[in-house]
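Let me put the structure up, and then we can walk through it together.

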Amino acid sequence: MPAPIRLRELIRTIRTARTQAEEREMIQKECAAIRSSFREEDNTYRCRNVAKLLYMHMLGYPAHFGQLECLKLIASQKFTDKRIGYLGAMLLLDERQDVHLLMTNCIKNDLNHSTQYVQGLALCTLGCMGSSEMCRDLAGEVEKLLKTSNSYLRKKAALCAVHVIRKVPELMEMFLPATKNLLSEKNHGVLHTSVVLLTEMCERSPDMLAHFRKLVPQLVRILKNLIMSGYSPEHDVSGISDPFLQVRILRLLRILGKGDDDSSEAMNDILAQVATNTETSKNVGNAILYETVLTIMDIKSESGLRVLAINILGRFLLNNDKNIRYVALTSLLKTVQTDHNAVQRHRSTIVDCLKDLDVSIKRRAMELSFALVNGNNIRGMMKELLYFLDSCDPEFKADCASGVFLAAEKYAPSKRWHIDTIMRVLTTAGSYVRDDSVPNLIQLITNSVEMHAYTVQRLYKALLDDISQQPLVQVASWCIGEYGDLLISGQCEEEEPIQVTEDEVLDVLEGLLVSNLSSPVTRGYSLTAIMKLSTRFSSVNRIKKVVSIYGSSIDVELQQRAVEYNALFKKYDHMRPALLERMPIMEKTASNGPTEIVQTNGEAEPSVVEPKHPPPVGQPASQGNDLLDLLGGNDVPVIPTTMPTKPASAGGELLDLLGDLSLGLSLMAFYLFDLFKTVNFLSIGIPPMTAYNKNGLKIDFTFERANPNPNVAVITIHASNSTEADMTDFVFQAAVPKTFQLQLLSPSSNVVPALNQGTVTQVIRVLNQQKQPLRMRIKLTYIHKGSAVQDLAEVNNFPSQSWQ
Amino acid sequence: MRFLLLFSRQGKLRLQKWFTPITEREKKKIIRDMTTLVLARQPRSCNFLQWKDLKIIYKRYASLYFCLAVENQENELLALEVIHRYVELLDKYFGNVCELDIIFNFEKAYFILDEFLMGGEIQETSKQMVNRCIEASDMLQEVRCTGTNAHMDLNHTRSIVISHVVFICLFAGVGILKRLGFWCFTKQ
């Protein structure tokens with residue numbers, strides 16, 4: 001069997017291949033040769049073969065059959081074999097293969113090898129790809145090596161320990177004793193890796209962090225020596241002594257000083273020294289300064305130091321080097337929350353960075369600009385940002401548009417400015433705005449009542465120019481639908497009113513319906529707008545015609561709308577004006593609020609009913625909690641009263657017509673029904689009882705059972721007042737044991753009139769699944785003759801029929 | 001640090017070092033993403049990118065791109081220095097290193113990297129130390145039965161020579177397979 005070709009030969013041969021297919025052929029041939037060589041258990045050439053395999057693996061070809069061979073190489077005694085074997089293990093094996101555990105014993109032996117380079121190889125491999133099982137087995141060996149006096153091994157053992165801790169955090173304690181005198185080393189390699197080890201431990205465990213705080217003076221001393229010492233050829237980089245170690249120490253100081261006054265105090269001087277003395281002409285110096293700034297911002301430094309840090313960042317911003325500008329912008333973004341005013345000073349430089357050619361810098365500058373916008377600088381900043389929006393790459397437009405909307409909403413100096421800004425965004429970046437901006441904008445426009453005419457006019461003019469940007473078109477058609485009458489009447493105050501006829505407006509809207517540029521959603525908007533105009537314009541016939549055409553549209557959404565609107569014209573024409581009335585002002589409740597409302601816009605929702613509930617009258621939850629304490633720990637939910645909403649003015653027919661209601665409407669319907677249910681007294685012969693009678697206030701309970709559920713007892717309380725003065729702000733609360741469930745509906749009134757002239761009634765519903773004897777605690781609060789009265793009572797005398 | 005990649009202007013991978021365990025498929029995907037992202041960058045743009053939750057620092061040296069991925073709290077400017085230090089080490093070792101050196105001696109490039117970085121952290125900050133260690137290890141490969149030319153100026157006390165001679169003589173004749181069998185099947 002001829003000797004397998006050398007690695008170099010193979011590489012040279014493969015590189016001569018002109019096509020991918022040729023290369024693959026060569027590789028396959030060589031793989032076959034290697035495989036047969038492996039089968040023959042050839043020791044002499046195993047190393048060479050595995051090396052070739054690694055090369056082919058780098059080119060992207062599978063090499064898993066070499067895994068066991070790597071293990072054999074590791075076990076070999078030749079250093080060359082071991083070197084390639086460990087390299088192969090690091091490249092081909094990982095913790096997912098079971099094979100890797102076979103390495104454990106080899107590594108263990110090699111960790112105790114007499115040659116330090118073999119030990120080094122073993123430590124390196126363990127520290128790069130050791131799995132948690134391997135780490136657990138070998139942690140003891142690593143710990144031993146951490147205490148050796150050989151600095152070559154010590155530094156490797158330290159990083160290996162870092163890896164072990166990352167894989168098996170529980171073993172961290174084990175390395176604690178060995179760290180005692182790590183920092184007294186002179187060797188920079190050991191120092192550096194020790195600092196890394198300490199950093200890792202402090203990041204993972206607050207106890208370790210507290211324990212290592214005492215090292216701060218020592219670290220400060222080491223750092224000082226590095227800065228003050230003269231030229232050291234071994235560690236010098238462009239005139240700075242061992243920048244890697246300096247940065248690492250600064251990072252550890254940051255972690256140790258965070259949140260701790262004493263440590264931060266101890267570091268102030270050295271940080272100031274580093275910040276002022278470091279050479280900034282080369283990247284190295286700036287790297288150290290950058291780390292220093294990060295440390296200053298994180299610890300509890302004095303204000304002078306913080307200002308120094310921000311000024312350094314400001315200087316970075318003016319640096320010619322792009323990397324440094326990028327880094328400055330990133331750091332300023334992190335500090336803008338805490339040191340807002342200081343960062344504001346550099347605002348103009350930041351805004352200039354928006355015009356930079358570099359993509360990364362532009363993005364950071366944009367984010368930072370948005371963070372810096374406030375009430376004072378909004379006009380200027382917005383000008384710059386809008387200019388940026390005009391000229392930036394598409395990848396930025398969506399984020400920038402959202403940012404502009406948010407900023408405008410928070411800080412708009414006037415409604416007109418706000419609307420102008422929005423118009424500007426829609427016209428320049430219209431197709432990139434996010435979907436949820438359309439409802440938000442509509443809500444904003446609705447709320448600025450005095451600007452309606454101006455808005456609709458501007459939107460109309462924008463539509464005449466360009467109908468391709470969907471969000472713009474949608475907002476515009478909605479507005480024209482709502483405020484078309486203002487458009488026709490030429491009422492605009494803010495600018496020169498334009499002369500538009502009804503037909504022109506309808507032409508535009510119909511144009512949207514037929515245009516290829518319009519999306520289905522947009523078509524829906526324009527159809528609805530046309531429909532709404534039927535109550536605002538006089539050319540109703542034309543509108544009727546348009547609507548009926550779309551009754552047979554292929555688009556299901558459009559068809560449904562058209563059919564419903566047709567029905568509105570034919571059968572429910574009397575309701576049309578009410579339905580298509582102006583939208584009321586929508587309050588922005590939760591983030592979902594406006595969206596919900598607007599989604600139902602397309603369904604010509606009645607303007608009267610709103611899916612909002614006014615806050616419940618009377619019992620706030622906190623008072624309920626007091627009652628809970630009384631029942632000795634039985635946690636019973638005291639449900640605050642639910643509010644029946646005002647019934648819809650249009651009555652039941654409306655509910656039928658608008659089949660798919662929004663949540664609010666259906667809730668309202670439920671409450672109406674519920675109210676009817678409870679009002680229907682089906683007396684089943686349970687005698688009424690007096691629950692409370694004191695100080696002139698008498699509370700009677702009357703019972704009925706809710707028909708569908710025999711376990712639910714419906715109790716109506718009647719509160720009457722026999723004294724001469726009214727009892728106002730009357731609040732009744734009740735709590736029941738855990739086995740029951742209670743629901744309190746709202747009272748008829750808050751005032752119990754004097755001298756038994758009237759009663760306050762309130763309905764309680766109690767669910768008694770387990771048929772337990774009913775008992776209740778009640779709490780009464782009211783104001784009588786100017787003083788507040790509060791009373792608690794227990795009601796135990798329920799008639800047995802009420803709970804059986 | 002998460003990973004270090006070296007690739008040519010045509011996107012051919014020359015070196016890959018992964019500091020966290022990742023599946024082969026993931027690795028291939030990351031390599032593809034990195035090469036596309038970095039090669040698409042304009043010539044005079046800044047050397048930093050944001051990719052998923054990592055910061056990518058890349059630098060071009062002649063025909064090779066060095067691409068290093070670090071976590072968000074690490075110092076990018078220092079990462080540039082790390083890349084530069086590695087290039088200097090390669091340069092010192094190969095003498096005016098070029099891409100071909102790394103292609104034909106990729107295993108040496110790995111050895112040098114393993115003396116400089118370990119587990120995603122820097123292990124030695126002195127150029128001279130790293131070079132000395134590499135040279136000594138190379139010598140170890142060369143030395144056969146005699147231990148005479150074993151002078152290596154390192155500041156440690158262990159005697160390489162004696163131990164080297166001892167283990168070469170002891171194990172040269174013994175069947176390695178037998179020992180291998182013993183080692184492979186005793187795990188703990």
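Let's start where the two chains meet: 74 residues of chain B are in contact with 81 residues of chain A, contact meaning heavy atoms within 4.5 Å. Before going further, please keep in mind that this is a predicted model, where local features need pLDDT of at least 70 and side-chain atom pairs count only at pLDDT 80 or more, while totals for chains, interfaces and linings use all residues. As for bookkeeping, residues are numbered from 1 along each chain as its sequence is written, chains are lettered from A and ligands numbered from 1 in the order in which they are written, and side-chain values use heavy atoms, with hydrogens and water left out.

How much area is buried between chain B and chain A? About 7500 Å², and carbon and sulfur atoms give 58% of that. Buried area here is the accessible area, with a 1.4 Å probe, that two parts lose on being put together, summed over both.

On to the charges across this interface. Between chain B and chain A the count is 6 salt bridges, each a side-chain nitrogen of Lys or Arg within 4 Å of a carboxyl oxygen of Asp or Glu. A:K156 and B:E115 meet in a salt bridge through their side chains, at 3.4 Å from N to O. There are also 22 residue pairs in polar contact between chain B and chain A, both residues at pLDDT 80 or more. A polar contact is a pair of N or O atoms within 3.5 Å; within protein, one must be able to donate a hydrogen and the other to accept it, and residues adjacent in sequence count only if both atoms are side-chain atoms.

Which element of chain B gives the most to the side that touches chain A? That is helix 5 (residues 127–142) of chain B, with 11 residues. Helices (H or I, at least four residues) and strands (E, at least two) are DSSP runs, numbered from the N terminus. By class, that side of chain B has 32 nonpolar, 19 polar and 23 charged residues. Ala, Val, Leu, Ile, Met, Phe, Trp, Tyr, Cys and Pro count as nonpolar, Asp, Glu, Lys and Arg as charged, and the others, Gly among them, as polar.

On a 1 Å grid over the protein atoms alone, a cavity is a set of points where a 1.4 Å probe fits but cannot get out, and a pocket is an open set with protein on both sides within 12 Å along at least five of seven lines; lining residues have an atom within 4 Å of a point. Grid points are joined across faces, edges and corners, and a volume is the space filled by probe spheres set on the points.

The largest pocket has a volume of about 700 Å³. It is lined by 22 residues, and the closest to its centre are A:R6, A:C47, A:T80, B:E107 and B:Q141. Helix 5 of chain A gives the most to this lining, with 4 residues. The lining of the largest pocket divides into 7 nonpolar, 4 polar and 11 charged residues.

Turning to cavities, there are 12 of 30 Å³ or more. The largest cavity holds about 160 Å³ of space, and among its 16 lining residues A:R248, A:R251, B:M1, B:E74 and B:L78 are the closest to the centre. Helix 13 of chain A supplies the largest share of that lining, 4 residues. The second largest cavity has about 120 Å³. Of its 15 lining residues, A:R83, A:L121, B:F111, B:D114 and B:E115 lie nearest its centre.

Finally, the whole structure holds 53 salt bridges over all chains. One joins the side chains of A:R136 and A:E170, at 3.6 Å from N to O. A:R136 lies in helix 8 (residues 132–146) of chain A and A:E170 in the loop between helix 9 and helix 10 (188–204) of chain A, so the pair ties together parts that are 34 residues apart in sequence.
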